[in-house]
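Student: I have a new structure to look at, and I would like to learn how to read it. Could you walk me through it step by step?

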Amino acid sequence: MFRASSPGLKMDLSVIVPLYNEEASVSSLYNAIVKALYHLKIEYEILFIDDGSTDNTIPETIKLAEQDKRLRVIKFRRNYGQTPAMAAGIDHARGKVLVTMDGDLQNDPDDIPRLIDKLDEGYDIVVGWRYKRQDKLISRKIPSVIANWLIGKITGVPIKDNGCSLKAYRADVIKSIPLYSEMHRFIPAMTSLAGTRVAEIKVKHHARQFGVSKYGLSRIYKVLVDLLAIKTILSFFSRPLVVFAIAAAMAAFVGLAALVAGLFHLAGNGGIVFFSVALLYMTLAAVLLLWGMLGELIYRTGDLKLEYFAQIKTSVHNG
């Protein structure tokens with residue numbers, strides 16, 4: 001286990017929990033987290049991020065926070081989604097290690113010490129694997145298996161359960177990753193740009209006791225769009241000029257072909273059409289090339305922590 005911080009220094013652990021209409025479970029969740037962390041003898045904080053709940057989640061969390069200074073509550077004015085809630089928690093977290101989890105009691109806080117122990121072996125991220133997932137077969141488990149296989153094939157980071165919210169991160173790793181849309185499930189793939197060491201361990205998963213699931217098949221299209229974005233970033237991040245130059249060359253070839261065709265049709269009206277197409281594609285080629293040069297300039301000199309994002313193969317350990 002990592003050592004506790006000295007007084008006044010950065011906290012050891014931050015537990016981040018997005019909440020949306022979880023009034024029935026929030027008190028039990030808080031008690032379970034405190035019980036799980038009691039024997040660790042470390043400095044920790046709990047961050048509850050209310051994602052625009054319309055029930056009594058906020059009054060319940062505030063009541064708990066008034067009794068325990070280790071609990072901090074962040075409230076959104078409206079519902080933004082799970083990833084923005086996690087991002088807010090990560091931004092406000094003060095711990096050296098950050099643990100994220102769901103707020104519906106399906107993740108088990110008793111697994112947190114195991115995640116931390118695994119992280120202490122030298123890993124940067126430890127991902128929970130709900131190997132006995134207690135969810136509906138058709139609407140949750142089968143789509144999840146297909147999605148995880150697809151994500152692994154496309155990104156090259158073979159995680160069995162990208163959708164499990166129970167994960168542990170080193171703060172300096174996760175705070176460097178931009179999160180939006182459904183990107184929280186792609187964090188291991190995103191960090192592969194930095195050569196992070198990723199481990200995956202089996203964690204418990206309980207059947208939902210309270211409320212209803214906030215997520216269903218409707219999020220599939222968002223995941224697919226985000227997966228396309230991730231693949232683009234992973235493939236072209238370190239060579240933007242090459243990518244844009246290839247596209248510019250293709251546009252220039254079409255423009256040149258249209259120009260030649262136009263020269264053979266000078267006597268007819270077709271020449272004007274071909275010359276217009278040639279001008280359009282030649283202009284496109286020039287713009288694409290300029291975009292590539294701009295991307296290369298940003299990559300080489302921009303303040304994007306690019307020294308951190310060296311393109312190194314990520315290692316994944318399945319435990």
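Student: Let's begin with the overview: how many helices and strands does the chain have?

Tutor: The chain has ten helices and eight strands. Helices (H or I, at least four residues) and strands (E, at least two) are DSSP runs, numbered from the N terminus. Please keep in mind that this is a predicted model, in which local features need pLDDT of at least 70, side-chain atom pairs count only at pLDDT 80 or more, and totals for chains, interfaces and linings use all residues. Residues are numbered from 1 along each chain as its sequence is written, and side-chain values use heavy atoms, with hydrogens and water left out.

Student: What share of the residues counts as buried?

Tutor: Buried means under 20% relative accessible area, exposed means over 50%, and partly exposed lies in between (1.4 Å probe, protein chains only). Here, 46% of the 319 residues of the chain count as buried. As for the surface, the chain exposes about 16400 Å², with carbon and sulfur atoms supplying 62% of that area. Accessible areas come from the Shrake-Rupley method with a 1.4 Å probe, and for residues only the protein chains shown count as cover.

Student: And what share of the contacts joins residues at least 24 apart?

Tutor: A contact means heavy atoms within 4.5 Å. Among contacts between residues at least 6 apart in sequence, 82% join residues at least 24 apart.

Student: Now the strands. Which strands are joined to β1 by bridges?

Tutor: Two strands pair if DSSP finds at least two bridges between them. Strand β1 (residues 11-19) is joined to β4 (residues 95-100) by five bridges, and the two run parallel. Within this pair, Met-11 has Gly-95 as its bridge partner. Seven bridges link β1 to β2 (residues 44-50), again in parallel, and here Ile-16 is partnered by Leu-47. The path from β1 to β2 passes through helix α1 (residues 26-37), and this β-α-β crossover is right-handed. A crossover is right-handed if, with the strands pointing away from the viewer, the path from the first strand over the helix to the second runs clockwise.

Student: Is β1 mostly covered or open?

Tutor: Strand β1 is mostly covered, with nine of its nine residues buried.

Student: Which residues does Thr-100 touch?

Tutor: Thr-100 is found in strand β4 and counts as buried at 1% relative accessibility. Leaving out residues up to four places away in sequence, Thr-100 touches Ile-16, Met-86, Ser-165, Leu-166, Lys-167 and Tyr-169. Thr-100 and Leu-47 are 53 residues apart along the chain, and their C-alpha atoms are separated by 9.5 Å.

Student: Turning to helices, why is α4 described as largely enclosed?

Tutor: Six of the eight residues of helix α4 (residues 112-119) are buried, so the helix is largely enclosed by the rest of the structure. Those buried residues are Ile-112, Pro-113, Leu-115, Ile-116, Lys-118 and Leu-119.

Student: How many salt bridges does the structure hold?

Tutor: A salt bridge is a side-chain nitrogen of Lys or Arg within 4 Å of a carboxyl oxygen of Asp or Glu. The structure holds eight of them. One of these joins Glu-121 to Lys-118, with the closest N and O atoms 3.3 Å apart. Glu-121 counts as exposed at 51% relative accessibility, whereas Lys-118 is buried at 14%. Arg-114 and Asp-111 form another, at 2.9 Å between the closest N and O atoms. Arg-114 is partly exposed at 37%, while Asp-111 is buried at 0%. Glu-45, Arg-72 and Arg-94 are linked in a network of salt bridges.

Student: Where do Glu-60 and Lys-63 lie?

Tutor: An α-helix has 3.6 residues a turn, so residues three or four places apart point the same way. Glu-60 and Lys-63 both lie in helix α2 (residues 57-67), three residues apart, about one turn of the helix. Their salt bridge has its closest N and O atoms 3.9 Å apart.

Student: Finally, which residues make the nonpolar surface patch?

Tutor: Patches are made of residues with over 30% relative accessible area and no salt bridge; like charges are joined within 9 Å, and nonpolar side chains (Val, Leu, Ile, Met, Phe, Trp, Tyr) within 5 Å. Leu-256, Leu-259, Val-260, Leu-263, Phe-264, Phe-275 and Met-282 make a nonpolar patch of about 640 Å². Helices α9 (240-263) and α10 (270-301) are the elements that give two or more residues to this patch, and the largest share, four residues, comes from α9. Leu-259 lies in α9 and is partly exposed, with a relative accessible area of 34%.
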